[in-house]
Amino acid sequence: MVEDPYRRSTDAAPASPAAVVNGGRPLGQRLAHGLWMHSETARNGDRVLARVTGEIDLDAAGPLDEALERALDASGSGLDVDLSGVSFCNSTGLNTLLNLRVTAQHGGRDVVLTAASEVVRRLLVLTDTLGLFVSAPAPDGGGGRPEGDLAPP
C-alpha cells in the first residue's frame with residue numbers, strides 16, 4: 001500500500017522550530033489524533049498567536065474550534081493563527097476558521113492567518129477566502145500586522 005503524503009497521522013508531537021520554550025517545557029496540547037496546537041500571548045498582551053500542526057478534518061474540528069475560541073477569548077484585539085504545520089485541511093477546517101472569524105468580529109476582534117501550509121493556502125485560494133484572513137493596512141496608511149507567507153503574490 002502506498003502512503004498518501006498529504007494524509008498522514010501520527011501520535012508523536014510534530015517537530016517544530018519552536019518545539020521548546022519557557023525553560024525547556026514542551027509546547028502544545030494534543031487536540032485530536034494527529035492535531036496539535038500551541039498558543040502564546042504576544043509580549044504586549046494584546047494578541048494571541050496559535051500554532052496548529054497536523055490534520056484538520058471532521059474528527060479534529062470540534063477540539064480545534066474549542067481551543068481556538070479559548071485562545072481568542074484570551075486575546076485583546078484578536079488572534080493570529082499559524083497553519084504552516086497543517087498537512088491536511090478540508091471544508092470542515094475551513095468552516096472552523098470562518099466561524100471563528102465571525103465570533104471574533106462579534107467581539108470587535110479579528111483573526112489573521114500569519115502563515116499557512118500549501119494545503120491550507122490552496123483551500124483558501126480555491127474558495128476565495130484567503131482575503132478574509134489577511135491583515136489589512138492600518139487606517140493611518142501604515143502597514144498592518146505581518147502577513148508572512150500569505151501576502152498576495
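The legends below describe a predicted model, first as a whole and then in close-up views.

Local features need pLDDT of at least 70, side-chain atom pairs count only at pLDDT 80 or more, and totals for chains, interfaces and linings use all residues. Residues are numbered from 1 along each chain as its sequence is written, and side-chain values use heavy atoms, with hydrogens and water left out.

View 1. Helices (H or I, at least four residues) and strands (E, at least two) are DSSP runs, numbered from the N terminus. Along the sequence, the pattern reads β-β-β-β-β-α-β-α-β-α. The chain has 153 residues, and 38% of them count as buried. Buried means under 20% relative accessible area, exposed means over 50%, and partly exposed lies in between (1.4 Å probe, protein chains only). The accessible surface comes to about 8,600 Å². Carbon and sulfur atoms own 53% of that surface. Areas come from the Shrake-Rupley method with a 1.4 Å probe; for residues, only the protein chains shown count as cover. A contact means heavy atoms within 4.5 Å. Take the contacts between residues at least 6 apart in sequence: 67% of them join residues at least 24 apart.

**View 2. Helix α3 spans residues 118–126 and has a buried side.** Its buried residues are V120, R121, L123 and L124. Seen down the axis of α3, these residues fall within an arc of 160°, so they line one face of the helix. The arc is that of the directions from the helix axis to the C-beta atoms. An α-helix has 3.6 residues a turn, so residues three or four places apart point the same way. The face of α3 turned away from the buried side carries the exposed residues E118, R122 and L126. Cover for the buried residues of α3 includes β6 (78–89), α2 (91–106) and β7 (110–116). After α3 comes D128, whose phi is positive, near 55°.

**View 3. R47 and D80 form a salt bridge.** A salt bridge is a side-chain nitrogen of Lys or Arg within 4 Å of a carboxyl oxygen of Asp or Glu. Side chains of opposite charge can pair when their charged atoms come close. In the R47 and D80 pair, the closest N and O atoms are 2.8 Å apart. R47 lies in strand β5 (residues 47–56) and D80 in strand β6, so the pair ties together parts that are 33 residues apart in sequence. R47 counts as buried, at 7% relative accessibility. D80 also counts as buried, at 11%.

**View 4. The side chains of R47 and D110 meet in a salt bridge.** The N to O distance is 2.9 Å. This pair links distant parts of the chain: R47 in strand β5 and D110 in strand β7, 63 residues apart. D110 is partly exposed, with a relative accessible area of 26%. R47, D80 and D110 are linked in a network of salt bridges.

**View 5. D82 forms a salt bridge with R51.** Their closest N and O atoms are 3.9 Å apart. D82 lies in strand β6 and R51 in strand β5, so the pair ties together parts that are 31 residues apart in sequence. D82 is buried, with a relative accessible area of 14%. R51 is partly exposed, at 27%. A search of the whole structure finds 3 salt bridges.
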